[in-house]
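The sequence and the model are displayed first.

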Amino acid sequence: MANPLADCVSSLRSSNHLLANSISILDSGVNDFPRLAKVLQTTKHFELLPSSALSAAQSHLLSSLVPEFDTLLSRVETHLDRLERREQALIARCELLDGRLSMSGEDGEAMKRAAGLGRKSIAGEGDSSREALKLKQLRAKKERLGYTVERLGLQAQQKERQLRLSVAAQ
């Protein structure tokens, strides 16, 4: 009877050993599951959309952007018109002042001659020095206005460029 039990014990020990080996093999395989799950996980890098959804999104985007572009363009046009009118007004004022300066120079000489020598002798050099000072002041003012017109023209061009760039960027 000892013999059959010894065979049974040895069979049980070999089964136990076989189960231990199987457990170690399974344990090494199971320990790698988190890495395998991450490796085998599918990631959608590019999601495919049906063309109907794409065209609907495009039309929605277009319908929301067109009014914005229209309002921005109208604002740019009104601003440019305002700047153009201001530039024209400054040019006209400059021409007017230029004409006044040239008329005061020509008419002033004619009026002096018409007034006669009596007045010239009474006023003496004080009158001519005052007129020379006034003429010098008017010329300086003309030059300042010319610079102002040029500066405003350059500012208008700069604002036009900025507006074009901001519209193009959007």
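Is Val30 buried, partly exposed or exposed? Val30 is partly exposed, with a relative accessible area of 44%; buried means under 20% relative accessible area, exposed over 50%, and partly exposed in between, with a 1.4 Å probe and protein chains only. Val30 is placed in helix α1.

The model is predicted, so that local features need pLDDT of at least 70 and side-chain atom pairs count only at pLDDT 80 or more, while totals for chains, interfaces and linings use all residues. Residues are numbered from 1 along each chain as its sequence is written, and side-chain values use heavy atoms, with hydrogens and water left out.

**Fold and surface**

The protein chain contains five helices and zero strands, and its elements follow the order α-α-α-α-α from the N terminus. Helices (H or I, at least four residues) and strands (E, at least two) are DSSP runs, numbered from the N terminus. The protein chain has 170 residues, of which 7% count as buried. Its accessible surface is about 14,700 Å², with 60% belonging to carbon and sulfur atoms; accessible areas come from the Shrake-Rupley method with a 1.4 Å probe, and for residues only the protein chains shown count as cover.

**Salt bridges**

Two salt bridges are found in the whole structure, the criterion being a side-chain nitrogen of Lys or Arg within 4 Å of a carboxyl oxygen of Asp or Glu.

| Salt bridge | Distance of closest N and O atoms |
|---|---|
| Lys142 and Asp98 | 2.8 Å |
| Arg164 and Glu160 | 3.2 Å |

The bridge between Lys142 and Asp98 links distant parts of the chain, with Lys142 in helix α5 and Asp98 in helix α3, 44 residues apart. Lys142 is partly exposed at a relative accessible area of 35%, and Asp98 is partly exposed at 32%. In the other pair, Arg164 and Glu160 both belong to helix α5 and lie four residues apart, about one turn of the helix. Arg164 is exposed, with a relative accessible area of 53%, whereas Glu160 is partly exposed, with 27%.

**Surface patches**

Patches are made of residues with over 30% relative accessible area and no salt bridge; like charges are joined within 9 Å, and nonpolar side chains (Val, Leu, Ile, Met, Phe, Trp, Tyr) within 5 Å. Lys and Arg count as positive and Asp and Glu as negative, while His and the chain ends are not counted. The place of a charge is taken as NZ of Lys, CZ of Arg, CG of Asp or CD of Glu.

Leu26, Val30, Phe33, Leu36, Val39 and Leu40 make a nonpolar surface patch of about 600 Å². Two or more residues of this nonpolar patch come from each of α1 (2–31) and α2 (33–40), and α2 gives the largest share, four residues.

Which residues form the positive surface patch? Arg93, Arg100, Lys141 and Arg144 form it. Helices α3 (51–115) and α5 (125–169) each supply at least two residues of the positive patch, and Arg100 is found in helix α3.

A patch of negative charge on the surface gathers Glu77, Asp81, Glu84 and Glu87. Glu87 is found in helix α3 and counts as partly exposed at 32% relative accessibility.
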